[in-house]
Amino acid sequence: MFERFTKDARDVVRGAYVRCEEAGERRIGPEHLLLALLDGERGRGASALTALGLGAERRAAVREGLLEARRRAGLSRSDADALAGLGIDVAEVVARVEEAHGVGALAGVRRGGRVAFGREAKGVLEQALRMAVAHRDRHIGDEHLLLALAVRPGVWGECLADHGVTYEGLLGVLYGGGVAEAS
């Protein structure tokens, strides 16, 4: 599958693998792909992030947002808000679990085993392929991975949107806004 990926997109995939291993996890998730994209300094995806005001300092804030969500067992802020409406204080739950079991206990770190793509990360890769096809691009680039992350629901898209990087904004920067929709 990766033969259609540009060098920059393959670098993102390799970076996601490294990020996953560094975190002690066995499943590459969309957050690992986003972290690898944030590390990028070249490519259309990196250029689009910069054009939307996500320079080095603001990229660090996105990383922090992802790490904070990881501490909440992957719950997004909107998930935490929904639980708060039911009387469940996620911050309090996290604090109690970490008090008893250590910081990051809900992150689900598992040592050992082979690293592989998780279901959600595979979905991002499939969405990136659909993005490339919809835009009549012959290859899948890091920009298609970024578009797929921005359009799919989850913590990764929420962290990007919190910092002004939306699917629509990316389309505007990458394609001038007038493009086909990929679903």
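1. Aspartate 39 has 38% relative accessibility, so it counts as partly exposed (buried is under 20% relative accessible area, exposed over 50%, partly exposed in between, with a 1.4 Å probe and protein chains only). Its side chain meets that of arginine 19 in a salt bridge, 3.0 Å from N to O; the term means a side-chain nitrogen of Lys or Arg within 4 Å of a carboxyl oxygen of Asp or Glu. Aspartate 39 sits in helix 2 and arginine 19 in helix 1, so the pair ties together parts that are 20 residues apart in sequence. Arginine 19, at 21%, also counts as partly exposed.

2. Some housekeeping before going on. This is a predicted model, where local features need pLDDT of at least 70 and side-chain atom pairs count only at pLDDT 80 or more, while totals for chains, interfaces and linings use all residues. Residues are numbered from 1 along each chain as its sequence is written, and side-chain values use heavy atoms, with hydrogens and water left out. Helices are DSSP runs (H or I, at least four residues), numbered from the N terminus.

3. Have a look at aspartate 11, which has two salt-bridge partners to check. One is arginine 14, with the closest N and O atoms 2.7 Å apart; both residues lie in helix 1 (residues 7-22), three residues apart, or about one turn of the helix. The other is arginine 42, at 3.3 Å from N to O. This second pair links distant parts of the chain, since arginine 42 is in the loop between helix 2 and helix 3 (44-51), 31 residues from aspartate 11. Aspartate 11 is partly exposed at 27%, as is arginine 42 at 45%.

4. Stepping back, Lys7, Asp8, Asp11, Arg14 and Arg42 are linked in a network of salt bridges. The overall count by this rule is seven.

5. Now the helix packing. The axes of helix 2 (residues 30-39) and helix 8 come within 10 Å and cross at roughly 130°; axes are lines fitted to C-alpha atoms over the stretch in contact, with angles from 0 to 180 degrees between N-to-C directions. The two helices are therefore oblique to each other (under 35 degrees is roughly parallel, over 145 roughly antiparallel, 65 to 115 roughly perpendicular, the rest oblique). Pro30, Leu33, Leu34 and Leu37 of helix 2 make the contact with Asp142, Leu145, Leu146 and Leu149 of helix 8, contact meaning heavy atoms within 4.5 Å.

6. Arginine 136 lies in the loop between helix 7 (119-134) and helix 8 (142-151), and at 74% it counts as exposed.
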